[in-house]
Number of protein chains: 2
Amino acid sequence: MDKAFIAAAFDEARRAASRGEVPIGAVVVRDGTLLAAAGNDVVGAKDPTAHAEMLVLRQAAKVLNNERLLGCDLYVTLEPCPMCAQAISLARIRRLYFGAYDPKGGGVEHGPALYTQPTCHHAPEVYGGLHESEAAALLKDFFKARR
Amino acid sequence: MDKAFIAAAFDEARRAASRGEVPIGAVVVRDGTLLAAAGNDVVGAKDPTAHAEMLVLRQAAKVLNNERLLGCDLYVTLEPCPMCAQAISLARIRRLYFGAYDPKGGGVEHGPALYTQPTCHHAPEVYGGLHESEAAALLKDFFKARR
């Protein structure tokens, strides 16, 4: 785990909040180099699939000109939902680092726990609960402000 | 279920096969009008998320200028994987029609059975096994030809 990369994901989350998006950010990294960074953009892009993780996977695949992100790690501020968890598996991400756990919508440690399913063909190493209080506070402040 | 729309999804699947992609096709429909059609494009686009379902959800959201595809139905030739199943839920698709069941990689009737999870916030009505033998034959021929 590299603190600079989880910090970069949090920067993206704060940028997403400032655009009125649910504040979640992600980065993809290989060999100590940041390949892609993005924040949630569902409302701005009017794209139901534009979660931060999906955007960085697609960006990184473009950078590497390969749909398989071999040797790449993904950092994200919140536990991925099942869509993103499966995309991370399809992209062959090596390690997944995430911030707050998401009991309501997460798909890694909660709900379907996708990487434990026998139908999962590639599971990244998973490290959850990083900077958990910061990640949770960011989301809490955002939803409080919108009420 | 409208036979013309499942046929349109099969047309997209055959087009995908002719490009060397795993032959899966999908369409999104609202009020009897086809809004979006696409085939799997993972290899061509070098995008691990470019499953047919993801592409049509994104296209349809662009057409409607809305990230929620209210009142829209999705037709696809194979049971969606967990990524696509969750995207279909996030997009608020009304009805999901699919061709062959996919015991190895499906996420609707198999594996995590996403729409039965308590963490699933919107489940479409699901109609599976449409034109099942045609859907299965298409995939079988494709993988046989590549061996």
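Predicted model: local features only at pLDDT ≥ 70, side-chain atom pairs only at ≥ 80, totals over all residues.
The size of an interface is often given as the accessible area lost when the parts come together. Here, the area buried between chain B and chain A is about 2,500 Å², and carbon and sulfur atoms give 68% of that area. On the chain B side, the residues that lose the most area to chain A are B:K46, B:P48 and B:E67. Together they account for 25% of what that side buries.

Now for charges. Side chains of opposite charge can pair when their charged atoms come close. How many salt bridges are there between chain B and chain A? The count is two. You can find a salt bridge where the side chain of B:D47 meets that of A:R58, with 3.2 Å from N to O. Between chain B and chain A there are also four residue pairs in polar contact, with both residues at pLDDT 80 or more.

Next, let us step inside chain A. Two packed helices are described by the angle between their axes and the distance between the axes. Helix α1 (residues 3-18) and helix α5 (residues 132-146) of chain A have axes that come within 11 Å and cross at roughly 0°. An angle under 35 degrees counts as roughly parallel, so α1(A) and α5(A) are roughly parallel to each other. From α1(A), the contact is made by A:F10, A:A13, A:R14 and A:A17, and from α5(A) by A:E134, A:A135, A:L138 and A:F142. These residues divide into six nonpolar, no polar and two charged.

One of them, A:R14, also forms a salt bridge with A:D11, their closest N and O atoms being 3.0 Å apart. A:R14 and A:D11 are three residues apart in helix α1 of chain A, so about one helical turn separates them. Over all chains, a search of the whole structure finds 12 salt bridges.

Note on methods: Residues numbered from 1 in each chain as written. Chains lettered and ligands numbered in written order. Heavy atoms only, no water. Buried area = accessible area lost by both parts, 1.4 Å probe. Salt bridge = Lys/Arg side-chain N within 4 Å of Asp/Glu carboxyl O. Polar contact = N/O pair within 3.5 Å; in protein donor to acceptor, adjacent residues only side chain to side chain. Axes fitted to C-alpha atoms, helices over the stretch in contact; angles between N-to-C directions. Helix = DSSP H or I, 4+ residues; strand = E, 2+ residues; numbered from the N terminus. Parallel < 35°, antiparallel > 145°, perpendicular 65-115°, else oblique. Contact = heavy atoms within 4.5 Å. Nonpolar A, V, L, I, M, F, W, Y, C, P; charged D, E, K, R; others polar.
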